[in-house]
Amino acid sequence: MATEVDTWSSAPKADGVFSFEDNLAEANHPYTVDDDLLNEAEVNGNWTPQEKALHEARLKAKAKRRLRKSSSRNSTSESFSESGELSGSDPHSPKGKVNASDRKSRTGKGRGLPKKGGAGGKGVWGAAGMVYEDEEPDMRDPNYDESAQGDTVYATVVPEVDEKELEKMVNPIVQEYFEHGDTKEVQMLLKGLNLGQHKYEFSSLAVSLSLEGKASHRELTSRLLSDLSGKMLSQSEMARAFDKILKELPDLILDTPEAPQMLGQFIARAIADHVLPMSFLDCYKGKVDCDHARVALDRAEVLLNMKREMVRLDNVWGVGGGLRPVKHLVKEMNLLLKEYLISGDVSEAEHCLRDLEVPHFHHELVYEAVVMVLESKGDTASHMMIKLLQSFWKTGLITVDQMNRGFQRVYDELPEINLDVPHAHSIMETFVDLCYQESVITKQLRDACPARGRKRFVSEGDGGAIKN
């Protein structure tokens, strides 16, 4: 049996028959075939059927291995050529350096095609046959030349004011307007702001601030709304602003209990000034649930019915503020003093003087009060004026400077007053002494009162001698 096995193992293999050991060796060592013998056989044309079949099988196996390796995206190994060298490498370069001119991917991913279809890389202008069109110059290009692009138009872009920042930007503008009263300056400042869709909120903020201020502030606000209407704000935007204030009345009444009545006066004044449309009140009839809003609308309707001719309601906020003409303020102070002499109500006179809001013009009240005393008959007017001035002095409504200035004006005009009132000097001296006794004026002001000379000339029969 052993002899037979050796005979089978040493016997020549039949044609087309392959042993298991040969197949295993071929699988473990695919590149150990003697290629020189195969090439020589191929050149001489002496291919045996076994060699030809073996060669075709090896070529198919090699093609499958290349296909699997090139299609794998997770493999990080580099592909090898048939000779076992790196693809794309120069065999004559030291240490197998990669040829820099080769544009194939060396990461082991992809299909091994050139990057960007052969249109990328340094010194490359694009793929073959590509035609470039004219491109617009890019402002971010370092070589961008602004002067070569023709006429350049510069425009200032103002971002739209956010609703949260609107109140912070509008409050200083309104507060400054209450000081200077120049509506044109407010228009100029508003043009510099990009209010956008929140433009109507300027009117509502201005009215809300004036409700917390004085009557003169409300008068200035009404004038501002009249000047802005048609130029920067339309009637629909004004109506939207007042509609917002009507909805905010429950909150405004906490700080200003008289807010509904004041808002009604604002609405009536706005309709009379053609700031709001005539049909503004009609839109709310039967549709108002808030009691405060109903009070404001009723107040506006009453005021408009009193002014059927739609005359401008100039006195809806009373008369006050330093912007009024001087003659008008003098007339109001005269009326105030005459009403006081009739009623004798000091508190009412004080309230009327405060409403005028002209503390720098209180010296006119002192002047008019002293002149009335000089022109009056009896001591009643004198005692009542002393009581009034004493009250103003104690409450601080009239300052020392205003009191001194009012009396000094009377002192300077006393010679002219004496032409109409012959006993003006004696009345003045008596009144000044009483004021000093009641601590209305200072001793220095009392001593400054002019005294009339008491020297008298005798008749002509005495030879013009002065009688001692």
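Biologist: Into which class does Ser-439 fall at 49% relative accessibility?

Modeller: The model is predicted, its residues are numbered from 1 along each chain as the sequence is written, and local features need pLDDT of at least 70, whereas side-chain atom pairs count only at pLDDT 80 or more and totals for chains, interfaces and linings use all residues. Side-chain values use heavy atoms, leaving out hydrogens and water. Buried means under 20% relative accessible area, exposed means over 50%, and partly exposed lies in between (1.4 Å probe, protein chains only). Because its value is 49%, Ser-439 counts as partly exposed.

Biologist: What is the phi of Ser-439?

Modeller: Ser-439 is found in the loop between α18 and α19 (443-447); helices (H or I, at least four residues) and strands (E, at least two) are DSSP runs, numbered from the N terminus. Most residues other than glycine have a negative phi. Ser-439 is not a glycine, yet its phi is positive, at about 60 degrees.

Biologist: Where is His-274 placed?

Modeller: His-274 is also no glycine, and it has a positive phi of about 65 degrees. With a relative accessibility of 52%, His-274 counts as exposed. Its place is in the loop between α11 and α12 (291-306).

Biologist: How many salt bridges are counted?

Modeller: A salt bridge requires a side-chain nitrogen of Lys or Arg within 4 Å of a carboxyl oxygen of Asp or Glu. By this rule, the number of salt bridges is 12.

Biologist: In which helix do Glu-219 and Arg-223 both lie?

Modeller: The side chains of Glu-219 and Arg-223 form a salt bridge, with 3.3 Å from N to O. Glu-219 is buried at 7% relative accessibility, while Arg-223 is partly exposed at 29%. The two residues are four apart, about one turn of the helix, and both belong to helix α8 (residues 215-228).

Biologist: How many residues apart in sequence are the parts that Glu-219 and Arg-269 tie together?

Modeller: Glu-219 and Arg-269 are both buried. Their side chains meet in a salt bridge of 3.1 Å, N to O. Because Glu-219 lies in helix α8 and Arg-269 in helix α11, the pair ties together parts whose separation in sequence is 50 residues.

Biologist: How far apart are the closest N and O atoms of Asp-291 and Arg-294?

Modeller: Asp-291 and Arg-294 are three residues apart in helix α12, so about one helical turn separates them. Asp-291 is exposed at 52%, and Arg-294 is partly exposed at 34%. They form a salt bridge in which the distance between the closest N and O atoms is 2.8 Å.

Biologist: Which residues form the negative surface patch that includes Glu-133?

Modeller: Glu-133 is found in the loop between α4 (49-71) and α5 (163-180), and at 68% relative accessible area it is exposed. Patches join residues with over 30% relative accessible area and no salt bridge, like charges within 9 Å and nonpolar side chains (Val, Leu, Ile, Met, Phe, Trp, Tyr) within 5 Å. Lys and Arg count as positive, Asp and Glu as negative, and His and the chain ends are not counted; each charge is placed at NZ of Lys, CZ of Arg, CG of Asp or CD of Glu, and areas come from the Shrake-Rupley method with a 1.4 Å probe, only the protein chains shown counting as cover for residues. The negative patch is made by Glu-133, Asp-134, Glu-135 and Glu-136.

Biologist: Which residues form the positive surface patch that includes Arg-68?

Modeller: Arg-68 lies in helix α4. Its relative accessibility is 54%, so Arg-68 counts as exposed. The positive patch is formed by Lys-60, Lys-64, Arg-65 and Arg-68.

Biologist: How many aromatic pairs does the structure hold?

Modeller: Rings of Phe, Tyr and Trp (its six-membered ring) pair if their centres lie within 6.5 Å; planes under 30 degrees apart are stacked, those over 60 are edge-to-face, and the rest are tilted. The number of aromatic pairs held by the structure is three.

Biologist: Which arrangement do the rings of Tyr-177 and Phe-178 have?

Modeller: Tyr-177 is buried at 1% relative accessibility, and Phe-178 is buried at 9%. Their ring centres are 6.2 Å apart and their planes stand at 45 degrees, so the pair is tilted.
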